[in-house]
Amino acid sequence: MTIRATRTVSAGPRCPSTIPAMVRSGTAAHLIDCHPATTIDRNWTAQAVQRLEADSHRSADTHLVKLPLSGPVDLYLKDESTHPTGSLKHRLARSLFLYALCNGWIGPTTTVVEASSGSTAVSEAYFARLIGVPFVAVMSRATSPAKIALIKREGGRCHLVEDPAAVYDVAAGLARELDGHYIDQFTYAERATDWRGNNNIAESTLAQMALEPHSTPSWIVVGAGTGGTAATFGRYLRLHGTSTRLCVVDPEKSAFLPSYQGQVAEPAGSRIEGIGRPRVEPSFVPSVVDRMLGVPDGASVATMRFLNHRLGISAGPSTGTNVFGALRLACEMCADQAAGSIVTLMCDSGARYTATYDDDDWLKEQGININPYIPAVVRAWDDKVWDCA
């Protein structure tokens with residue numbers, strides 16, 4: 001398939017005809033016929049959308065893995081690492097591109113710019129290459145080298161900044177400088193995804209749970225980066241009137257939990273890549289969240305390593321955050337003698353973090369101590385007893 005790289009541009013709005021249309025109070029009014037100054041080639045847009053849809057049709061849904069947790073609570077991990085770009089953000093990136101294309105914001109020569117902590121940019125670089133447009137990711141210089149390499153492998157360019165909180169303004173400025181489009185996941189994540197259905201992650205997860213012993217989960221546990229995944233789950237659960245509750249787990253120094261508590265957060269940001277933000281993002285919808293848990297960074301990494309060493313699951317640190325929160329809820333249910341199921345997400349593979357979160361020296365440099373949390377995770381798994389302050 002060939003996408004024609006044509007774009008029609010005129011010097012300004014064209015109003016070629018002024019036609020008498022009606023009479024009001026004895027004065028003739030006129031129909032004003034005004035054409036936009038710039039129009040995107042509709043043929044190009046249609047073919048670009050078709051390429052994204054074809055990519056979706058080539059991909060089977062991700063697996064829902066039942067973890068071997070004994071007792072009355074079943075624990076499931078939806079493995080989003082099996083997407084073509086290796087993370088949960090593949091779904092979001094496709095939705096963002098479809099949203100921007102259908103809004104007429106991306107044309108055949110548009111440079112797409114994004115502010116990211118890494119994984120979304122990897123997926124967006126993939127989709128930009130798929131439709132043949134340039135892509136630039138604006139990220140913190142502390143982003144893992146593996147993610148930077150993946151973005152470059154997909155044909156994207158990385159613009160690194162010292163201050164993680166500056167990525168928004170830098171991305172917006174760079175888009176203006178390049179006459180491009182700032183795709184802005186943090187604003188559009190909750191509206192670009194169709195939360196009513198169309199194989200979003202909530203619809204997919206609940207459909208996969210249909211034949212399980214506890215088919216209606218007691219809890220869905222997710223982290224918040226943009227807030228889009230939480231918004232999708234929260235709205236979908238209410239749309240279908242389920243009793244399932246949504247718990248959002250949040251790492252240290254993130255703005256989401258303090259805001260949820262009605263407090264003002266220090267704008268620091270998170271050390272757990274992919275979740276937690278220095279500000280409350282526009283796509284975070286607290287009204288659909290039933291509960292939030294603050295998870296220490298050491299606990300996130302300890303759980304990430306537990307999954308690998310105990311269960312052979314190589315996961316990233318945000319997955320560790322998710323599972324730590326899920327174990328907390330499972331222990332609560334066991335203490336209440338309640339049976340049920342909990343579903344959480346595997347966001348990406350641990351292969352992206354071998355030089356960072358899986359490296360003891362790197363953790364020491366970052367001041368992340370996992371030792372107090374390892375026995376707590378083991379006891380929660382083995383004995384269903386929560387022993388972590």
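A cavity is a set of grid points where a 1.4 Å probe fits but cannot get out, and its volume is the space filled by probe spheres set on those points. The views below are taken from a predicted model.

By residue class, the lining of the second largest cavity has nine polar, two charged and one nonpolar member.

The volume of the largest cavity is about 200 Å³. A total of 23 residues line the largest cavity, and Leu 88, Lys 89, Gly 274, Ile 275 and Cys 347 are the ones nearest its centre. At least two lining residues are supplied by each of β11 (219-223), α8 (228-239) and α11 (317-335). Helix α8 gives the most to this lining, with three residues. The lining of the largest cavity divides into 11 polar, eight nonpolar and four charged residues.

**(C) The aromatic pair of Tyr 99 and Trp 105.** The whole structure contains 11 aromatic pairs. In the pair of Tyr 99 and Trp 105, the ring centres are 5.7 Å apart and the planes meet at 80°, so the arrangement is edge-to-face, the term for planes over 60 degrees apart. Tyr 99 has a relative accessible area of 24% and is partly exposed. Trp 105 is partly exposed as well, at 33%.

**(D) The aromatic pair of Tyr 168 and Phe 186.** These two rings lie 5.5 Å apart, centre to centre, with 70° between their planes, and form an edge-to-face pair. Tyr 168 belongs to helix α5 (residues 167-177) and Phe 186 to helix α6 (residues 185-192), so the pair ties together parts that are 18 residues apart in sequence. Tyr 168 is buried, at 7% relative accessibility, and Phe 186 is buried at 2%. Arg 279 lies over the face of Tyr 168, at 3.5 Å from the ring centre.

**(E) The surroundings of Arg 277.** Arg 277 is placed in the loop between α9 (256-260) and β13 (291-295). With a relative accessibility of 9%, Arg 277 is buried, since the term applies to values under 20%. Beyond its neighbours within four places in sequence, Arg 277 contacts Ser 117, Val 167, Tyr 168, Phe 186, Gly 225, Lys 253, Ser 254, Ala 255, Phe 256 and Gly 269. These contacts include both rings of the pair formed by Tyr 168 and Phe 186. Ala 128 lies 25 Å from Arg 277, C-alpha to C-alpha, and the two are 149 residues apart in sequence.

Key: Residues numbered from 1 in each chain as written. Predicted model: local features only at pLDDT ≥ 70, side-chain atom pairs only at ≥ 80, totals over all residues. Heavy atoms only, no water. Phe/Tyr/Trp six-rings, centres within 6.5 Å; stacked < 30°, edge-to-face > 60°. Buried < 20%, exposed > 50% of the residue type's maximum accessible area, 1.4 Å probe, protein only. Helix = DSSP H or I, 4+ residues; strand = E, 2+ residues; numbered from the N terminus. Lys NZ or Arg CZ within 6 Å of the ring centre and 35° of its normal. Contact = heavy atoms within 4.5 Å. 1 Å grid on protein atoms, 1.4 Å probe; cavity = no way out; pocket = protein on both sides within 12 Å on 5 of 7 lines; lining within 4 Å. Nonpolar A, V, L, I, M, F, W, Y, C, P; charged D, E, K, R; others polar.
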